[in-house]
Amino acid sequence: MKLEVLAKNYRVSERLNEILQAKIKKLDKYFPDSDTVAKVVMTDLGRQCKMELSINYYGTQLRSEVVGNTMYYNIDECLPKIERQIVKYREKLNKKKKMPTFDNNDYQFVSEVDVEPVTIAKVKKFEIDELTPIEAAENLEMVGHDFYLFHNVETGRVEAVYRRKDGTIGHLQPYKK
C-alpha cells in the first residue's frame, strides 16, 4: 500500500512518519494490490491535532477522522476505525476486487467487530426546487436542517448544500466517473 502524507499547519517528524508507515503497512493484508493508496492528512488545531485517514479501494471510500492531543494518539485511534470498516464491508470490497479472506483472529488493531446488516428505516419522498446554490443555502438556513437538496438551475443537476462542522456551508456537486 502506498502512503501519502499531507500536513496542514503541522510539521511531520521523521519518527512520526516511520511509525505511521509501519502501522499502515499492517493493513497491507487487506489490500492485495500495491496500487492502493492510503492518504493521511494531519492538521494542527491549536491545542489539539486532527488526523484524517482515507483509503479508496476500487470506488469504495473508507475514511476515519480523529481529533486528539497528539498525532501519536491519533494513529492508535484512527487505525482501529479503518479496520472495523474494512471488516464490516469486506463482502462489498470482495465484489469490487478479490480481497483475501481472513479469520476473526487475524485482526491487526481490533479484537472483534459487530457486523450489522444495513437497513433503511424510512423512505421519504419530496419535491426539489430549482434554485441557485446561494438560494439553496438561504433555504438551508430557513429550514434548520443539516443539508438541503435542490435542482441547480445553472448546471441542470441535483446538488446539495450542507452545514459543515465549523458552521460554514458546503456545496456538493456529484458527477459520474
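In this predicted model, strand β5 and strand β6, the latter made of residues 147–152, pair in the parallel sense over 2 bridges. Within this pair, L131 of the chain stands opposite N152 in β6. The two strands belong to an open sheet of 4 strands, ordered β5-β6-β7-β8, in which the pairing is mixed. β5 (130–131) and β8 (169–172) stand at the edges of this sheet, and each has a single partner strand, so one side of each is left without a neighbour in the sheet.

At the other end of the order, β7 and β8 run antiparallel and are joined by 4 bridges. A160 stands opposite L172 in β8. β7 and β8 form a hairpin, with 5 residues between them. In the turn of that hairpin, G167 has a positive phi of about 95°. A helix accompanies the sheet as well: α4, covering residues 133–143, lies across β5, β6, β7 (158–163) and β8. The direction of α4 is at about 150° to β6.

The next topic is the largest pocket. Its volume is about 300 Å³. The residues that line the largest pocket are K124, F126, E127, I128, D129, V143, H145, F147, Y148 and L149. Among the contributors to this lining, β6 gives the most, with 3 residues. By type, the lining residues divide into 6 nonpolar, 1 polar and 3 charged.

A second sheet is built from other strands. It is open and has 4 strands in the order β1-β2-β3-β4, again with mixed pairing. Here β1 and β4 (60–68) stand at the edges, each with a single partner strand, so one side of each is left without a neighbour in the sheet. Neighbouring strands of this sheet are turned by 15° against each other on average, when direction is ignored.

Inside this sheet, β2 and strand β3 (residues 49–57) run antiparallel and are joined by 8 bridges. V41 stands opposite E52 in β3. Helix α1 packs on the sheet and touches β1, β2 and β3. The direction of α1 makes about 140° with that of β1. Another helix, α2 (residues 71–88), lies across β2, β3 and β4 and runs at about 150° to β4.

Two residues in this part of the chain can be looked at one by one. T43 is found in strand β2, which spans residues 37–44. Is T43 buried or exposed? Its relative accessibility is 11%, and the cut-off for buried is under 20%, so T43 counts as buried. Leaving aside residues up to four places away in sequence, T43 touches K8, Q48, C49, K50 and M71.

N9 lies in the loop between β1 (2–8) and α1 (14–25). N9 has a relative accessibility of 66%, and exposed means over 50%, so N9 counts as exposed. The backbone of N9 also deserves a look. Most residues other than glycine have a negative phi. Phi of N9, however, is near 55°, a positive value in a residue other than glycine.

Definitions and conventions: Residues numbered from 1 in each chain as written. Predicted model: local features only at pLDDT ≥ 70, side-chain atom pairs only at ≥ 80, totals over all residues. Heavy atoms only, no water. Pairing = 2+ DSSP bridges. Contact = heavy atoms within 4.5 Å. Axes fitted to C-alpha atoms, helices over the stretch in contact; angles between N-to-C directions. 1 Å grid on protein atoms, 1.4 Å probe; cavity = no way out; pocket = protein on both sides within 12 Å on 5 of 7 lines; lining within 4 Å. Points joined across faces, edges and corners; volume = space filled by probe spheres on them. Nonpolar A, V, L, I, M, F, W, Y, C, P; charged D, E, K, R; others polar. Buried < 20%, exposed > 50% of the residue type's maximum accessible area, 1.4 Å probe, protein only.
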